[in-house]
Amino acid sequence: MERILPVLALEATTQVLGQEPIVPFAILLVVILVIPILFERLKLPGIFGLVFSGLVLGPSGWDLFQTESVMINLLADIGLVYLMFVAGLEVEIEQWRRQKNRALGFGCFTFSVPFFLGTLIGKIFNLSWQNSILVGSLFASHTLLAYPLISRLGVISNEAVTTTIAATAFTDVGALLILAVCVAISQVGLFSLAKIFSLLGWLIVYAIVILVGFDWAGKEFFRRSGDDEGNKFLFVLLAAFLAVMGTQFIGVEKIVGAFLAGLAVNEVVGEGPVKEKILFIGNVLFIPIFFINLGLLIELPSLINNPVIFKLSILVIVGLLAGKFIAAWLAKLIYRYNWQEMITMWSLSIPQVGTTLAATFVGYRAGLLPPEFLSSFVILMLVTSILGPWITSRAAVALTPQPVTATVAVTFPPPLPEAPRTDTFTIVVPIYNPHTQQYLVEMAALLARQAKGRIIPLAIATAAAQMDAPQLESSVQRSERLLTKATTQSQVLGVEAEPLLRIDDAFAPGISRAAREQKANLIVMGWGKRTGLRARLFGNVIDGVLWASHCPVAVTRLVDSPRKIQRILVPLENLITPGLQPVQLAQMLAEANQAQVTVLNVCDRRTSSSKIASRRSHLSDLVSHLSLVNPPEIQIIAHENAAQAILQAARLYDLVVLPFTRNRTSPSGLAISDVTTQLVRQITCSIVMLGEPQQIPTGITTPGITNSITRV
């Protein structure tokens with residue numbers, strides 16, 4: 001001990017900490033956790049907080065991090081690759097196919113006009129033609145930051161909105177293609193048409209190999225992997241980094257390969273748990289570190305003292321806004337959109353975040369862009385990420401969604417097309433927790449009795465390697481006790497019960513498979529707490545069932561006996577979702593208890609009285625398709641905060657039935673909308689969240705980098 005103390009005294013504590021690589025990593029984690037939350041409280045984008053943190057912690061600030069740090073550069077490079085991989089992974093290919101004509105038209109406008117103005121600005125600041133063209137390409141792309149907002153306003157089906165969403169793929173691909181050519185030419189050092197055509201030829205061949213080969217390999221691997229999500233997750237990551245490695249051999253920037261890999265496995269991954277885990281890993285770790293590293297590169301003295309940056313920033317912002325406005329105006333003239341639709345298209349195409357910042361970083365690192373342009377485009381990111389959603393929130397209120405077709409008039413629950421028709425309404429009730437089992441079985445029994453159906457209490461015993469293992473025997477005995485209790489309770493309630501014991505490797509697949517085998521019409525589950533690292537990273541049982549189930553899933557949190565429910569509230573966040581199953585479920589429960597159902601829709605406070613009357617009439621028409629014996633009461637509330645309005649109304653009710661709306665901005669867990677997330681946390685009465693099967697379309701997913709931006 002006496003020998004150790006002198007050694008410790010020789011070195012200052014700060015030096016020891018500086019040599020320990022885990023310390024800067026811990027600081028990064030604190031920044032990622034705390035800073036975005038603080039900036040969002042200030043009504044600023046969380047991503048700007050990360051860039052600002054890099055500026056403060058870097059050489060221009062406290063000098064805790066160095067731009068040449070091997071660890072930070074490695075993590076930032078992974079974040080850059082991840083950012084563009086997610087961009088390709090979330091491109092709405094099906095939406096592009098449906099809107100390809102108008103998407104190509106508007107995509108050409110919103111790409112070419114800003115591209116021309118950006119190139120002109122580059123020449124004004126004495127850049128070469130090659131570098132000016134690169135600046136023009138940075139103007140061309142856009143990030144759909146306001147997607148959650150237009151989804152909440154219920155205008156996601158408006159043709160102008162869907163056209164803008166579909167055009168994102170065109171602008172991203174075009175911007176990355178120009179970036180790849182410019183960077184490759186700068187590396188060769190000699191400009192010639194022969195070299196450009198040679199590079200484009202190799203790039204086309206490589207793109208075909210990636211898009212076709214990885215798509216085929218992914219489908220084969222997923223087919224053979226079964227339910228092993230871990231192997232699927234690793235395969236998708238391997239595909240991304242293999243594509244990045246391949247770009248190094250043909251002399252193309254690696255973010256192009258990452259974007260192509262995302263496009264290649266897009267349809268293979270689909271919308272499922274694997275994609276959720278991919279987004280989770282990137283959005284909570286690697287992508288935020290990329291934005292922090294971007295802040296390290298900004299020179300604060302130059303930002304403050306260099307008048308060129310100020311002039312350039314003003315010109316860049318004005319040029320971008322003007323270019324996108326002209327593009328939206330041309331689309332208005334050709335496709336005959338009204339002014340509200342045009343302004344919405346303009347505002348949606350304004351934000352310059354994901355692809356723009358990634359390409360700016362690559363151009364700066366390749367020596368094609370001076371530091372002044374890097375700082376100016378960071379300022380552009382801040383201005384457009386605030387201005388774009390703000391304009392959207394005011395313009396999109398006046399939009400008219402496309403009318404909902406008769407597909408909303410589906411009887412609860414929807415029949416399976418491949419299953420034979422049956423007159424028996426079947427509800428599967430997974431039971432595990434004896435403390436919540438009573439209310440859960442009561443809820444299922446009330447619904448089954450009203451539908452003259454049956455319930456199947458289901459208990460899952462976790463499989464073991466040997467079927468005579470003591471732990472399996474113990475699990476089976478426990479499951480049998482739970483099933484006996486559930487059967488007795490069902491008989492008391494006068495409902496037919498057929499208990500089912502299943503031995504399976506995991507709870508979620510076991511529940512989904514048993515429900516499919518029993519041709520279940522509905523699964524009624526208890527609320528599961530999300531605790532522990534595994535649940536947060538890989539999801540809990542509810543997540544797995546919601547992703548895999550063939551039928552609707554009702555997730556319940558019951559604070560009292562369902563038989564005491566007399567007042568039921570069904571908030572509908574928007575009026576375009578083609579499914580009124582929450583209303584049907586609430587009505588079934590109301591008829592069993594002689595209760596009253598209220599359907600509530602919250603519109604913006606600025607909505608005129610005529611618009612409110614129109615929404616009420618529209619909602620009444622939708623409900624009338626259900627042919628209910630006792631139609632529910634319809635309420636329309638004008639409020640600036642939908643969640644707060646619903647919370648205030650919910651105080652008068654015994655049960656709130658929430659539609660399960662998948663939100664692509666949620667990196668993991670119950671991928672529910674922002675409003676529903678807030679409601680679940682604060683509502684004190686009983687709650688039922690009704691999720692539709694994955695194969696039933698629930699709208700358009702968030703394209704591009706919105707996922708990352710919303711998280712950070």
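Trp216 counts as exposed because its relative accessibility is 58%, where exposed means over 50% relative accessible area, buried under 20% and partly exposed in between, computed with a 1.4 Å probe on protein chains only. Trp216 belongs to helix α11 (residues 193-225), helices being DSSP runs of H or I with at least four residues, numbered from the N terminus. The C-alpha atom of Trp216 is separated by 9.0 Å from that of Ala264, which is 48 residues apart from it along the chain. The model is predicted, so that local features need pLDDT of at least 70 and side-chain atom pairs count only at pLDDT 80 or more, whereas totals for chains, interfaces and linings use all residues. Residues are numbered from 1 along each chain as its sequence is written, and side-chain values use heavy atoms, with hydrogens and water left out.

Ser132, in helix α8 (residues 129-140), has 0% relative accessibility and therefore counts as buried. When its neighbours within four places in sequence are left aside, Ser132 is in contact (heavy atoms within 4.5 Å) with Gly118, Thr119, Gly122, Lys123 and Leu127.

Helix α18 (residues 339-348) is largely enclosed by the rest of the structure, because seven of its 10 residues are buried; these buried residues include Met342, Trp346 and Leu348.

Leu333, which is found in helix α17, counts as partly exposed because its relative accessibility is 45%.

Notes:
Helices (H or I, at least four residues) and strands (E, at least two) are DSSP runs, numbered from the N terminus.
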